[in-house]
Amino acid sequence: MMGRIVHFEVHVDDMERAKKFYGEVFGWKFEDWTDYAGMPYFGAVTGDANELGINGALMQRQGPPPGANQPLNGFACTMGVADYDSTEQKILANGGKVALPKYALPGMAWQGYYIDTEGNIFGIHQPDENAK
């Protein structure tokens with residue numbers, strides 16, 4: 001059995017703010033799994049069960065948030081999107097910031113990285129064989 005990613009966790013300071021951010025930007029739905037986890041923990045349904053991808057969770061951060069201008073410490077999740085530019089607009093309108101601006105993966109896709117309302121880095125990825 002290979003070590004395929006089957007779940008992710010985004011560590012957050014303010015659960016309601018984080019749920020609003022990921023719900024508004026990516027359309028994620030949330031299920032309260034706090035009773036199972038023993039701390040604020042919301043399962044994130046990120047898409048249709050028939051689509052390629054995984055679900056994850058928002059969990060209450062257990063220590064200080066990542067410091068500004070520090071290297072990434074953990075995994076950066078990248079979300080597939082149909083329209084890069086409109087997704088970026090939603091990210092910025094909902095309190096996110098650019099970490100690494102949009103760039104081409106030539107012949108494959110557009111990619112970029114952002115900082116969510118909780119100080120975490122994530123990516124967005126729009127397939128486009130004409131990207132250059």
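The model is predicted: local features need pLDDT of at least 70, side-chain atom pairs count only at pLDDT 80 or more, and totals for chains, interfaces and linings use all residues. Residues are numbered from 1 along each chain as its sequence is written, and side-chain values use heavy atoms, with hydrogens and water left out.

Aromatic pairs were examined next. Rings of Phe, Tyr and Trp (its six-membered ring) pair if their centres lie within 6.5 Å; planes under 30 degrees apart count as stacked, over 60 as edge-to-face and the rest as tilted. The count comes to 11 aromatic pairs. Phe 21 and Phe 122 form an edge-to-face pair, at 5.9 Å centre to centre and 70 degrees between the planes. Phe 21 lies in helix H1 and Phe 122 in strand E8, so this pair ties together parts that are 101 residues apart in sequence. Helices (H or I, at least four residues) and strands (E, at least two) are DSSP runs, numbered from the N terminus. Tyr 22 and Trp 28 form a stacked pair, with 4.8 Å between centres and 15 degrees between the planes. Tyr 22 and Trp 28 are both buried. Ring pairs link Phe 8, Phe 21, Tyr 22, Phe 26, Trp 28, Tyr 84, Tyr 114 and Phe 122 into a cluster.

Thr 87 is found in helix H3, residues 84-93. Thr 87 has a relative accessible area of 6% and is therefore buried. A polar atom of its side chain lies 2.8 Å from the backbone oxygen of Asp 83. Leaving out residues up to four places away in sequence, Thr 87 touches Val 25, Phe 26, Val 81 and Ile 124 (heavy atoms within 4.5 Å).

The largest pocket holds about 1,400 Å³ of space. It is lined by 44 residues; Phe 8, Phe 75, Ala 76, Cys 77 and Thr 78 are the closest to its centre. A pocket is an open set of points on a 1 Å grid over the protein atoms alone, where a 1.4 Å probe fits, with protein on both sides within 12 Å along at least five of seven lines; lining residues have an atom within 4 Å of a point. Strand E1 (9-12), helix H1 (15-26), strand E5 (77-80) and strand E8 (121-127) each supply at least two lining residues. E5 gives the largest share, 4 residues.

Key. Points joined across faces, edges and corners; volume = space filled by probe spheres on them. Buried < 20%, exposed > 50% of the residue type's maximum accessible area, 1.4 Å probe, protein only. Polar contact = N/O pair within 3.5 Å; in protein donor to acceptor, adjacent residues only side chain to side chain.
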